[in-house]
Amino acid sequence: MNVRRRIARAEAVDLVRSGRFRLSAAAIFVLLASGAIAGAWRHADGARGTARLAEGERERWLGQGNKTPHGAAHYGVFVARPARVLAAFDEGVAPYAGTVVHLEPHEQRLFRFRPAEDMTWVRRLGALTAAAALQHLVPFLILFLAYGAVAGERERGTLALLLSCGVHPRDVALGKAAGLALPLAGGLLVLAPLGAYAVLAPNGQAGDAGRVALLAAAYLAFLATWTLLCLAVSARSRSSRAALLALLAHWAGWTVAAPPVAMEVAEAASPAPDPLAFRAGIDKDRYGMVTWYERLAAIEKRLLAEHGKERLDDLPVSAQGVGLVEEEADQDRIMSRHFDALLATHERQSRLFEWAGFFSPVIALQSLSASLAGTHLLDQVDFLRASETYRREFVQILNRDTALNDLPQNRTDLGIPGISEKYYQPGRELWEKVPPLRYAGPSTATAVGRHVPAVLALGVWLAGAAAAVLTLRGQA
Amino acid sequence: VRRLFVLLRHQWRLQRGTALVALALWTLAALVAVSLGEARARRHAASARQFVAGDEGQIAHYRRRAEAIERVRAGGSAEPVRLHPNELDWGPTQPLYVAAWVPMKVVVPPAPLAALAQGEAELRPLAYRVSLFGPELVPVVEPAANPLAVTVGRFDLALATVWLLPVLVIALCYGLSAADRDAGILPLVLSQPLSPRALLAARLAIPILWVVAAVGVVAVVTAAVVRPEGSSWSGRLAAWLATSLAYGLLWVALGAAVDGRGRPAAWNALVLAGAWLLSTWVLPAAMQTVAAAAHPVPSRAVWAEDLRVFQDAREKGQDALTAQAKEALVNQLRRQEPSLAATRPAADTLGYYYFTRAAHEVAQEPQRRRLDDRMAAPLRRQEALVSALRFLSPSALALGALTDAAGAGRGRYEHFLAEAGRYDARYKAFLWPRTFGNALIASREFDLIPRFAMSEEPFRAAWGRVRAPLAALVSLSVALFTFAFAAGVTARGRPRVLTGERPALRRARGTLRA
């Protein structure tokens, strides 16, 4: 143990004194801090906008005055997905998924207003977030520092000297790993304010402290895996050049090549429809539905027979209102068929992608990190489902009210020249019956529990890397 | 020349293994990327046709109902169509009903070289509906791709070129002379009667020829796999190949320049990998962050809120219009839109009500545009800043040029929106006089309702966006090659730089001082 500590201290002191470490580490930690600051700023701006929209929408909904319930339903409601503070650390799929949904009758919708629409094309090459810096840049820094840690000693002839003193190769590698970790850990403290902000922010959510701790554990496991692998490769390579090339190939393969390739495989295994074909499929089903006038004629006939009346005006319910209720239920079934299939496909693709974490620990980390930050695809899908349930309820509250109250005695003039027909136009009393959407999001246990493959993959990688170092023998 | 040939042959023997493996990898990557891209482009084209055909089917459905209404009005029977009595007053012979229910949409056609670059295709709406009143286009088909796939990045030829091509070039270039230096045989090589320029040229010949071959592979794969759309694809493909060639050669030049520093091969590999990371990820990400910080775009939630406030105020404003104000607005719109010159509905008709509504919305358009501009103006400024900053990153330059060459960038999308705007004007010119004049639409007129067909963006417009980054890539390559050759010439008089003796001396002096 003493030997490891000495090697660690020597390595750490060497690193801290080294100009190349100071320069490269400073550059990377500045980028890391910039990513954290930019993320916090984006999150704060987004949270302010979301809160303002939610408040404004409720006021407008209640204050829209007297109008037909179906008109009010088409005026609709914008709902915005509340973001966790940790989204400042890892924005996950949020820039490409959007945050706002407009809810109105007849239509289930995906998110609108993807933040990426309001960014420049250069974003396609990558985004500067704290999570991305930790996933891509810090491993590159570790590689840069570690490729020659053992192989370099061998080339200089100092390794033989060290081993001749009775030091085990495993202790050399572990000591060097600890020596690398100490200055890096110091650098990673730049993220501490962001962690504190996530826990203490006034708009923080329950469980954020636990999520911060789990995120820290996941990233530490990933960085430890990479550090140990670098040292194992360095110890087992013939030269530092060979070690460097092998590590660069792994780094590029894991961080750059593996994610898009894994995603393509996932999409090929579980293909989703093209957006236009998806829309055309919905339209085809809707065009195939009984038309409004055919439905209305059938309902009028049925209601007159059920109530034994001759005239529509004598009915105790509104045929138009009943028609709206039934038509909406039919439309909901069509929407469910298409959207449930689409979202299930996205979920399947996401799970298949996650299994690729056994080939690249970066993929496992990305899945877990986004989930803990509340920006994973499954978080978006959760909110879409919750908002859709809410949409159906709010539209049918209005339709049922129309069915019960759109009666001749309740109708008033529309006030539009050329339209003599009278309409049922309720006011605030009805609008208040529609509650605002309340959404809490998945718990921390759910956030981790539905990413078991990612957790397992990270564990397997860490164990494998540790084994690669602990089994070092004479080859070092 | 003979010595140069011998040297070239020797260099080929040394590097052919790496070069062939790299070329096989590149061919595989290009084949996979182009095949995936072509499959996506075909799917999109087929879906667009299916989508338009579905709408045409619906138009035919309303036309049949309109014919039935006409038969009933003429005293005949609606059969085989079953009509509801209300349909005679509010049905497909009313222009406003047609505007609300008969779908007239504009669909984004696939880019001419969509198979090569995905670009921004998964970020923007794919179809819009034109509106009877305001000039805004209403999105009806939002992107529905898995956001995770878009976040991760599509494996298309543009990204393969920007990411993978440099990696393979680096694998060929990092040890140009450093490998000999590390092995201690560089002084021996230099003792041959060869100029440093000839030596460097021979060393660079294989990577340069490799890049040419890689671009050739792209041309062959594209010709074999892709069925391009539109007429401008050949020019676009030429621009694509030129950009790929310039970008590949730039990395060869960088490899030569780094190698000229006289450091070990491992150091060269690390520096080149660092430059790759800087160019492909760090600088583009930093550019976006700087642009967003310098010209922040307000949150879309705030924009949605402001849009709602504006729309409510517009509606209330219309309700509060006096008769004189309505007449003034109607006259103003009549002057703007020649098709309305003869449309003079009575003030107590529904047509007049909608005439005033349209006129009011058109009059309010500058205010709505100002609202849109609160989002669009900072984004335009961001784009301008990034356009200036992109010259810092060859990868950003290449990606922008490749995306524009393929027609998958914002430039072509704006061309589509402009075309859609012109279509919107034709649609209104058809429907406005009928709606505001309280006229009916005859069933035979359904075929006269304008349909959207985009005329493809001409190649010269795309070339205007591609030529600056291409020129920058070529200039940078020339500068780096010049630097590399200059380092070689200097080395002739000072072989210690190439032999690595100076760093060894420096180390020795450092040790002595210590």
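**Close-up views of charged contacts and selected residues**

**View 1. A:Arg295 and A:Asp330 form a salt bridge, with 2.8 Å between the closest N and O atoms.** A:Arg295 belongs to helix H13 (residues 292-307) of chain A and A:Asp330 to helix H14 (residues 319-355) of chain A, so the contact ties together parts that are 35 residues apart in sequence. A:Arg295 is buried, at 7% relative accessible area, whereas A:Asp330 is partly exposed, at 23%. The model shown here and in the other views is predicted.

**View 2. A salt bridge joins A:Glu91 to A:Arg42, the closest N and O atoms lying 3.2 Å apart.** A:Glu91 is in the loop between strand S1 (77-80) and helix H4 (94-97) of chain A, and A:Arg42 is in helix H2 (residues 19-62) of chain A; the pair therefore ties together parts 49 residues apart in sequence. A:Glu91 is buried, with 10% relative accessibility, while A:Arg42 is partly exposed, with 27%.

**View 3. In chain B, the side chains of B:Glu87 and B:Arg65 meet in a salt bridge of 2.5 Å, N to O.** The pair links the loop between H1 and helix H2 (95-101), which holds B:Glu87, with helix H1, which holds B:Arg65, and so ties together parts 22 residues apart in sequence. Both residues, B:Glu87 and B:Arg65, are buried.

**View 4. A network of salt bridges links A:Glu107, A:Arg279, A:Asp283, A:Arg286, B:Asp55 and B:Lys105.** Over all chains, 65 salt bridges are counted.

**View 5. A surface patch of positive charge gathers B:Arg2, B:Arg9, B:Arg13 and B:Arg16.** B:Arg2 lies in helix H1 (residues 2-73) of chain B and is exposed, with a relative accessible area of 66%.

Conventions:
Residues numbered from 1 in each chain as written. Chains lettered and ligands numbered in written order. Predicted model: local features only at pLDDT ≥ 70, side-chain atom pairs only at ≥ 80, totals over all residues. Heavy atoms only, no water. Patch = residues over 30% accessible without salt bridge, like charges linked within 9 Å, V, L, I, M, F, W, Y side chains within 5 Å. Areas by Shrake-Rupley, 256 points an atom, 1.4 Å probe, with all protein chains shown as cover. Salt bridge = Lys/Arg side-chain N within 4 Å of Asp/Glu carboxyl O. Lys, Arg positive; Asp, Glu negative; His and termini not counted. Charge placed at Lys NZ, Arg CZ, Asp CG, Glu CD. Helix = DSSP H or I, 4+ residues; strand = E, 2+ residues; numbered from the N terminus. Buried < 20%, exposed > 50% of the residue type's maximum accessible area, 1.4 Å probe, protein only.
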